[in-house]
Amino acid sequence: MSAEEWATSMNQRELNRYYIEMTAPAGIMTGEVAPINLPYDGVKNPLPWDLPNDTDWQDAIYRTVFSHQHSLQFSGGNKTSRYSVNLGYVNQEGIILNSDYERFTAVSNYHNQLTKRLKLVNNVQAAYALSNAANASNGEVYGNRGVVTSALMMQPIFALNYDYQDPDEDDDYSDLNYGQRINNPYTIVTKLVDNKKNYSLVESLELSYDIMDGLTLTGKAGVNYSRSERNQYWPISTTRGKNANGVASTSYGDLLKLLTELRLNYNFRIGGGHVFDIMAATTYESNDRKSNYSKYENFPSDDLGYYQLGSALSLFPPDISYSENKLNSYIGRINYKYRDRYYLTATFRADGSTRFAKNRKWGFFPSMAFAWRISEEQFLKGGVVDNLKLRMSAGRTGSESGIEPYMSLGILSESSYTFNDSKVPGYVVSNIPNPELTWETTDQFDMGLDVALFDSRLMMTIDAYYKRTHDMLQNVALPPSFGYASKLMNMGVIENKGLEFSISVPVFRRQDLNWMLSFNGSVNRNKLVDLGMDNNFILGPSIGGMRVNRFIEGQPLGVFWGLKCNGVIQTWEEAPALEAQPGAVPGEYIFENIYKDEDYQAINERDMTIIGDPNPDFVFGFNSHFSYKAFDLDILVNGQLGGDIFWYDYSIMIAQNQNYNSLASTLTDAWIAPIQYTVTGKDGRPYTIGSKTGTIGSATMPAARARDSYIAGNNKVYRNGLPNSSNIFDASFLRLANISLGYTFRFKKYLKALKVSLSVSNAFTLTSYPGYDPETSSYVKSPMRQGIDLGSYPSSRTYSLNCNLTF
Amino acid sequence: MKCRLLIIAAAFALSGCNLDEHPIDFKDPDQFYKNDSELQYATNGVYATLRNNAYYRQLFPLACDGYIDMLQTSNTLFMPFQNTSSSSGFAQHSTLTSMWKTLYYTINQANILIEKSEQAPSGVTESLRRRVIAEAKFIRALTYFNLVRAWDEVPLRLTPSYDFVHPEAPLASIPDLYKAIIDDLKYCEDHLWNRGEIRDGITNDIGRATVIAAKMLLGKVYLHMASSARSSDGIRNKAYKDHFDPNTYYQLCLNKLQEVVESEDFGLEEQWKDIWTPKNNGTSKEMIFSVQFAPIAGQGSNYFLMFIPKNCTYNAPGTFGAYGLPPQFVKYYSQHPNYRFSPESTDKRITEGLLLKYVDKTALDANGEMLSVSYVRNGNTFRYQYDAGGSKLPATNTVLRIAKWLDPDVTTAEMSGLDWPVLRAAEVYLMLAEAKVELSGNPADGFEDYNRVRGRCSDDLLDEEELSNYEGTDDMARFREAIIRERIFEFYLEGYRFFDTKRLGAMQAAAERFIAGGAPASSKKKDQPYHYYWPISQDEIEANSAIGSQKEGY
């Protein structure tokens with residue numbers, strides 16, 4: 001909303017309140033109707049259209065940016081050795097002001113046939129990246145929301161450089177925000193110093209030795225070191241900085257990864273067409289991590305930011321953690337092939353991980369695969385079928401799901417206290433042992449078919465699978481009275497079944513005209529079969545006190561749970577019929593009363609039900625590659641059908657609360673009282689505010705209403721506070737993900753080729769989702785919180801020009 | 001060839017590694033609790049759980065005061081405690097769920113400490129082992145007492161939680177909960193040490209639970225049982241009426257509190273303002289038990305920030321400065337000459353405990369100097385500023401800000417050494433007065449103890465004449481009203497209000513006055529039986545199959 005629209009909606013809140021109280025049937029009102037008192041009436045405050053500022057916070061913090069990247073590659077070699085060197089540089093500006101990313105990389109690969117039997121391969125990769133983070137989404141719900149959210153929510157009536165420290169404006173701001181100060185997003189992006197650095201060095205050396213014909217022993221060792229740093233300074237001009245006279249924090253994480261592998265390969269052939277390839281290997285991996293976070297507050301001035309931490313008056317004890325985990329595997333595999341017709345692979349692996357409980361560290365994972373290339377059989381040769389291959393496999397795989405180390409152990413954590421102002425050491429038991437913690441395993445059965453027909457003018461692949469995962473590694477919510485809110489354990493069985501297919505059609509295949517069309521799609525259905533607990537469901541993680549996702553036996557994973565919303569009450573005649581919503585007034589949501597009980601009729605948590613499913617029905621992509629002489633044109637389209645998004649901020653953004661901006665659609669779709677009111681402005685002239693007709697009968701969103709009202713049983717705030725289906729949106733979309741047009745110049749001398757291409761990524765999206773991006777997920781890393789949009793960094797449209805020179 | 005194969009085989013065999021985990025940045029609980037120091041460290045950790053934000057650091061006392069009529073805030077943290085008759089959303093509200101979780105976190109940590117101390121090897125000093133167990137039992141009893149007062153029936157867990165596959169526990173009855181609380185406190189009476197006592201070469205640090213803390217808490221428990229049973233209408237506080245005889249428990253309370261008063265560790269601070277001096281309140285005898293904070297990074301409290309006005313030159317940021325006494329509450333309790341939340345009051349608890357004259361930050365006195373609240377010392381006059389002549393009385397719509405938590409030594413958040421008073425000596429006298437009067441039926445029997453508290457701050461003492469001015473059908477009812485008022489003035493915003501109105505049957509009247517005074521109409525009326533307890537956290541109900549359904553009314 002613009003400032004004028006926003007102020008209009010604030011006035012409308014007051015008109016709505018007045019109308020509802022005035023028209024209330026007898027017995028509903030508990031107090032006197034207060035006279036109309038418009039906040040933007042041209043006397044106390046300017047009239048909506050006379051407001052001095054109209055700031056579009058999104059415009060203020062987003063920008064169109066320019067990025068460039070360069071890479072240079074050399075390669076060469078002789079009979080016994082080959083090398084390649086690649087240097088890269090990337091410089092991207094972020095679409096949020098003051099965010100950027102820069103990276104330098106150097107990669108070198110070296111192969112050398114040292115002797116006839118001994119070969120050496122060495123790879124080195126070094127990278128250095130630095131960036132200014134934008135504090136975009138930080139997963140927090142209250143005061144410290146990231147700038148994406150505050151740009152959506154900050155009222156447009158404040159000036160761009162609005163500073164709540166200004167005493168004259170402070171009350172104005174403070175009253176609107178109930179005394180809470182939310183950072184102006186522009187202040188955050190311009191004042192906050194948030195630097196990240198990342199260094200990494202990867203080295204891997206491989207030696208292989210041919211012991212005899214077909215028998216090769218390979219030894220490999222790798223070291224991977226990376227360090228990431230983040231330094232922040234919140235100057236006194238930001239809310240957080242003001243709390244503490246400047247807040248600096250420095251953190252870093254070190255990771256040292258060691259890898260070794262010893263592998264023996266043996267290829268041989270028996271008789272006419274029996275080809276065997278046998279492999280035995282053992283691998284070992286260790287990860288050593290250290291992280292350090294320290295915080296400093298109360299600085300004499302902002303000048304030196306986080307560079308002079310010694311000047312801080314409050315130094316907090318650093319939070320340092322160390323962890324180590326190891327993975328040890330033994331792998332055996334036999335590949336067998338007969339005359340390019342029958343293929344058989346048998347694999348067996350044993351994996352041991354330190355992360356699991358003593359005596360439960362090892363998992364055994366066998367698998368078998370079989371393929372039959374039917375097209376090689378005599379009876380199909382020479383027909384329209386170029387390739388027909390039937391594939392089948394069955395196997396078991398294991399997962400550690402990236403769980404933290406030490407979760408099977410009891411943990412005694414530091415929890416210090418003070419007596420008489422002296423600090424004393426203290427400890428609490430922050431984790432109890434789980435002596436059963438072990439691998440999550442999945443049994444899987446696949447069947448697939450590859451088909452190429454009519455001289456490969458039609459190529460198809462189709463795969464069907466069935467997966468059953470048991471001993472799922474889950475952080476299960478426990479009753480809080482247990483003393484621990486959740487526990488990592490192996491529990492339950494889930495089932496996934498699905499179908500994937502792709503079709504490719506080469507429309508033209510000529511010397512200088514090529515056109516390939518391909519289409520792929522996939523369908524997956526998952527179901528929680530059994531939890532193995534007394535309860536038949538577990539709760540998803542809490543997001544701002546709401547637990548939106550739920551895991552219910554017999555249902556897809558992470559379904560949304562909430563009240564079902566059946567539109568908006570339009571008139572006073574409709575309200576009394578809603579027995580379960582005592583005190584309901586026009587302009588409020590109607591909720592479905594699912595749990596009917598004689599004692600207790602009102603809408604409450606028991607009326608919550610499944611209101612959505614984040615899992616998509618169908619995911620697809622379409623690809624076209626066209627080239628004509630020196631031109632080429634690539635188009636990539638992807639999309640999704642079905643699947644829901646829970647837009648966390650939606651209910652706030654249509655509430656038309658004074659402390660937030662609202663969606664512009666509320667101006668037309670919200671319930672609006674049919675009254676007009678005339679005010680006399682400062683200039684003595686009358687101004688009419690409000691709408692004669694209102695939106696009664698057509699409103700689909702709830703009414704803007706001042707917080708307090710004298711209606712009995714006014715309890716809407718809380719009902720609206722429960723997750724409800726109005727926040728659920730269909731995530732279906734169709735996106736032109738990339739379109740790229742290129743032209744290649746060829747030269748005879750010095751330069752071989754120059755390819756110039758222009759591409760647009762994320763060109764447009766067709767969707768009914770009103771948020772930023774239907775593909776969003778604020779919690780990408782958390783599979784327990786699928787389909788939640790909580791202010792994540794929006795995806796941007798990128799135009800790029802690429803030049804590729806080959807010498 | 002053979003040799004080569006052997007080497008390969010050996011290489012494979014040796015490539016395995018030890019997969020045991022050897023953490024280096026935390027200890028194994030099974031290897032701890034082995035000597036005197038470790039037992040004390042583990043005890044300190046349990047005390048530290050009281051400092052959790054959802055417990056005494058902020059939410060629990062404020063929710064108790066805010067639930068009735070004593071906390072003005074627009075902060076969403078307390079919305080369902082304060083607003084509307086609807087129950088929906090209350091059980092899921094973040095403040096309620098985090099308090100529930102945090103109080104039980106403390107319980108479990110206390111349970112662990114008790115079990116581990118009992119199992120500690122014989123090398124530990126026996127008197128210390130018993131003291132540590134008693135300290136854990138004190139914290140457990142205090143926390144169960146908070147739970148049973150706020151929620152009525154709750155799960156009773158007296159052993160550490162290990163079996164996470166079967167984490168259920170049913171609701172325990174109110175008599176069972178009180179039995180557990182009283183058993184713990186009786187153990188504490190025998191095994192806690194006195195203030196600062198040195199036994200077997202070990203010091204009982206100031207701030208640890210002491211014998212009189214246990215005795216006072218036990219007296220307070222008895223009084224809560226007795227008065228709840230006495231005031232019960234047969235629906236509200238029914239379990240108390242059914243199981244506890246008021247006179248028995250008034251008598252137990254009286255006996256126990258008399259032991260407290262006779263203790264050497266007992267003492268009333270002479271000057272009320274000295275209770276609130278950060279340097280003093282850790283050592284004052286007035287603080288029979290307090291949650292300790294220190295002006296050390298990571299160890300400080302924040303109370304001073306919550307109640308001061310915004311725009312103080314002090315950086316009162318964000319949600320701070322958000323709390324105060326609501327105007328409707330102030331209006332009602334300013335009507336009586338002896339009780340005035342206004343500058344006309346001569347009561348030091350008002351003149352020194354409230355920011356009555358605050359107007360804005362540019363106020364200057366006649367000499368052009370900025371003013372500070374009168375008792376702020378050490379020359380630090382630029383931090384809190386108030387207007388000069390006291391000419392501006394607080395308007396009825398003004399939120400009254402609180403000065404008793406002011407900490408002039410602090411410039412940043414979370415760095416105050418102000419302790420949170422859990423048990424204060426003043427309450428002993430008010431409880432004694434109440435128990436004596438309830439037992440004898442004669443209000444005059446309570447005047448002496450009662451006036452020890454009021455007399456510290458005011459020259460107007462309670463007498464027959466004043467008593468006759470209070471609302472009530474008889475002298476006993478009027479005396480109870482005087483008790484409630486005195487508790488308001490002595491303990492405002494220390495977290496007493498919910499439990500006082502609940503045990504004295506005064507909740508509905510308080511809420512009615514509050515609403516009649518012009519509180520938002522959405523304020524909770526507190527006229528339903530279920531208002532006497534809070535709903536159980538929805539997370540608990542859904543994950544604890546032994547509970548089944550939410551409490552009646554919610």
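Biologist: Are A:Y650 and A:F729 buried or exposed?

Modeller: Buried means under 20% relative accessible area, exposed over 50%, and partly exposed in between, with a 1.4 Å probe and protein chains only. Both A:Y650 and A:F729 are buried. This is a predicted model, where local features need pLDDT of at least 70, side-chain atom pairs count only at pLDDT 80 or more, and totals for chains, interfaces and linings use all residues. Residues are numbered from 1 along each chain as its sequence is written, chains are lettered from A and ligands numbered from 1 in the order in which they are written, and side-chain values use heavy atoms, without hydrogens and water.

Biologist: How many aromatic pairs does a search of the whole structure find?

Modeller: Rings of Phe, Tyr and Trp (its six-membered ring) pair if their centres lie within 6.5 Å; planes under 30 degrees apart count as stacked, over 60 as edge-to-face and the rest as tilted. Over all chains, the search finds 67 aromatic pairs. One of them is edge-to-face because the ring centres of A:Y650 and A:F729 are 4.8 Å apart and the planes stand at 75 degrees.

Biologist: What about B:Y67 and B:F498?

Modeller: Their ring centres are 4.7 Å apart with planes at 65 degrees, so this pair is edge-to-face. B:Y67 and B:F498 are buried.

Biologist: Which charged end sits over the ring of A:Y252?

Modeller: A charge sits over a ring if NZ of Lys or CZ of Arg is within 6 Å of the ring centre and within 35 degrees of the ring normal. A:R227 has its charged end over A:Y252, 4.3 Å from the ring centre. In chain B, B:K551 lies over the face of B:Y533 at 5.3 Å from the ring centre.
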